[in-house]
Amino acid sequence: MFSFLHMASFTMKIHCFQRNFSFSSSALVPVQLPSRMETHFWYILPDEVKSATLLNQYLDILSPCEKENVLRMHGDNLKKSALLARALVRTTIARYQINSQVSPTSLKFRKNIYGKPEVDWQNHYDRNPPPLHFNISHTSSLIACGVTLDSPIGIDVEEKQRTTKNNILSFARRYFSPHEVESLSVISDPEIQRQEFLKLWTLKEAYVKALGRGFSAAPFKNFTIRFRAATKGHLHLSGNSNSKASEIIVESSDDPKTLTSNWQFALLELTGSHYAAICKEKYDDTVEGKGGVPMKLTVRKTIPFVEDQCISGKDALVLVGGL
Amino acid sequence: MAAVSATSVTFGSSLKLLKSSQITGKASSLKMVTVGWTKSGFPSLRTSRFRVSCSAKPETVQKVCEIVKKQLALPAESELTPESKFAALGADSLDTVEIVMSLEEEFGISVEEESSQNITTVQEAADLIEKLVQKNSEA
């Protein structure tokens, strides 16, 4: 209660000529920064957001440029998705309460030289901005935002039921590495083949997005993602010890010297309906740099300003962990 | 506590409109939001740049539109202009890559990875296709 008024008075001072306050909603619940080994994964289900008042509230926190982009989308469902995606990013980052001046509206964003979006802290910090990284992904039915500290992150979500217009093996031959094509072609059940294809796709997308250099700078054909049995360690999901003892690794096909062992992955199945892949740099706290701490993952479902829910167990099943 | 802002009246009236039109629970009320915004002086969205497209043939553009509509499962009557951005039509990364692959098969061309990122609209796709088809015929 008190923190809401505190936040309200700050933003009132700065933005009172622009803002319309809806005092009936609750404030964003603040959250502690992730540790270096952690990934915070936030997601929103558009079908659960129906209130026009709430959508208006979200629209209100966007920048003019973002609003334009939202309204440029064709059709109401796409407008809504685009709106929720930007609202999710702004509200999520603002929760980390790094600086009391930060509100969802005051955040500024920019793109790195390859076009990857990142937070522009110059509004709030002269130097030493917090090394908070984020990445978003959306499907029509689920929008997600991953957050890490001090590590680039890439995420990708896809509906489990998603089909491809092109033949899966033709598509894989065109875009995936020979190793991956091979691993798909030995699957005889078309449904399982389709699911394995989607898992590979999301993992490859997450990797490229984590690299932050764009699709053309890291062609899908030039790296292989595969699963192997883990020798030690496993993924920790808060409150859930259901993890498979295997890991996901990436290898560079064209240049064996390309460093790939510093990346770690996680693959989740969310609410039984979506695959979500996460890729971030491994955090190594050993002196020789030969260690690697297992990824700690916290999954939260949210409707910003309304409710947050920590997800564990069968609603966020870890399919394959990472070391 | 009352909300004190110069624009609160505009928001208030558009909110009222939204509440009364929200019967089915669908997000059709977002249409009202669009109107509200332009009423309050928000920049108009009819920002189509005047573009003289003398490169790609109309048949090529038409074919690209067909492929895009099919990939994104758009209704046949949906309006697609050469300037339509794939992302604005709801294409995600997998859709875009599938569209590129369908175009390669349809036109017998090969799109380099570097170029596929530059294909964001129907027009850009059509222009690139014509360029590659011409290169093929010259080879």
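In chain B of this predicted model, 57% of the contacts between residues at least 6 apart in sequence join residues at least 24 apart. For chain A, residues 24 or more positions apart account for 64% of the contacts with a separation of 6 or more.

- Chain B holds six helices and zero strands, and from the N terminus on its elements follow the order α-α-α-α-α-α.
- Chain A has seven helices and 14 strands.
- Of the 139 residues in chain B, 39% are buried.
- Of the 323 residues in chain A, 55% are buried.
- Chain B has an accessible surface of about 8,300 Å², and carbon and sulfur atoms hold 56% of that area.
- The accessible surface of chain A is about 14,300 Å², with 53% belonging to carbon and sulfur atoms.

**The nonpolar cores**

- In soluble globular proteins, nonpolar side chains tend to be buried together.
- The largest nonpolar core contains 58 residues, and the members that touch the most others are A:Phe171, A:Phe176, A:Ile225 and A:Phe265.
- Helix α7 of chain A, which covers residues 190-211, gives the most to this core, contributing nine residues.
- Another core lies apart from it and has 38 residues, including A:Trp42, A:Met73, A:Cys145 and B:Ala88.

**Around A:Phe176**

- With neighbours within four places in sequence left aside, the residues in contact with A:Phe176 include A:Phe171, A:Val181, A:Leu184, A:Phe197 and A:Leu200.
- A:Trp201, A:Lys204, A:Phe220 and A:Lys221 are also among the contacts of A:Phe176.
- A:Phe220 is placed in the loop between α7 and β7 (223-229) of chain A.
- Is A:Phe220 buried or exposed? A:Phe220 counts as buried because its relative accessibility is 0%, below the cut-off of 20%.
- A:Phe220 and A:Val208 are 12 residues apart in sequence, and their C-alpha atoms are 8.2 Å apart in space.

**A:Thr224 in strand β7**

- Strand β7 of chain A includes A:Thr224.
- A:Thr224 has a relative accessible area of 6% and is therefore buried, since buried means under 20%.
- Along the chain, A:Thr224 and A:Phe176 are 48 residues apart, while 7.7 Å separates their C-alpha atoms.
- Beyond neighbours within four places in sequence, A:Thr224 is in contact with A:Ser177, A:His179, A:Glu180, A:Ile249, A:Val250, A:Glu251 and A:Ser253.

**A:Ile44 in strand β1**

- A:Ile44 belongs to strand β1 of chain A, which spans residues 38-44.
- With a relative accessibility of 1%, A:Ile44 counts as buried.
- Which residues touch A:Ile44, leaving aside its neighbours within four places in sequence? Among them are A:Val49, A:Leu84, A:Leu88, A:Ser141 and A:Leu142.
- The contacts of A:Ile44 also include A:Ile143, A:Thr302, A:Ile303 and A:Pro304.
- A distance of 9.6 Å separates the C-alpha atoms of A:Ile44 and A:His138, which are 94 residues apart along the chain.

**The second largest pocket**

- The element that gives the most to the lining of the second largest pocket is β3(A), with four residues.
- By type, the lining of this pocket comprises 12 nonpolar, four polar and four charged residues.

**Residues with a positive phi**

- Most residues other than glycine have a negative phi.
- A:Asp150 has a positive phi of about 65°, although it is not a glycine.
- A:Asp150 lies in the loop that runs between β5 (143-149) and β6 (153-159) of chain A.
- The relative accessible area of A:Asp150 is 38%, so A:Asp150 is partly exposed.
- B:Ala73, which is not a glycine, has a positive phi of about 50°.
- The loop between α3 (58-71) and α4 (93-107) of chain B contains B:Ala73.
- B:Ala73 is exposed because its relative accessible area is 62%, over the cut-off of 50%.

Technical notes: Residues are numbered from 1 along each chain as its sequence is written. Chains are lettered from A and ligands numbered from 1 in the order in which they are written. This is a predicted model: local features need pLDDT of at least 70, side-chain atom pairs count only at pLDDT 80 or more; totals for chains, interfaces and linings use all residues. Side-chain values use heavy atoms; hydrogens and water are left out. A nonpolar core is a set of buried Ala, Val, Leu, Ile, Met, Phe, Trp, Tyr and Cys residues joined through side-chain atoms within 4.5 Å. Buried means under 20% relative accessible area, exposed over 50%, partly exposed in between (1.4 Å probe, protein chains only). Helices (H or I, at least four residues) and strands (E, at least two) are DSSP runs, numbered from the N terminus. Contact means heavy atoms within 4.5 Å. Accessible areas come from the Shrake-Rupley method with a 1.4 Å probe; for residues, only the protein chains shown count as cover. Ala, Val, Leu, Ile, Met, Phe, Trp, Tyr, Cys and Pro count as nonpolar, Asp, Glu, Lys and Arg as charged, and the others, Gly among them, as polar.
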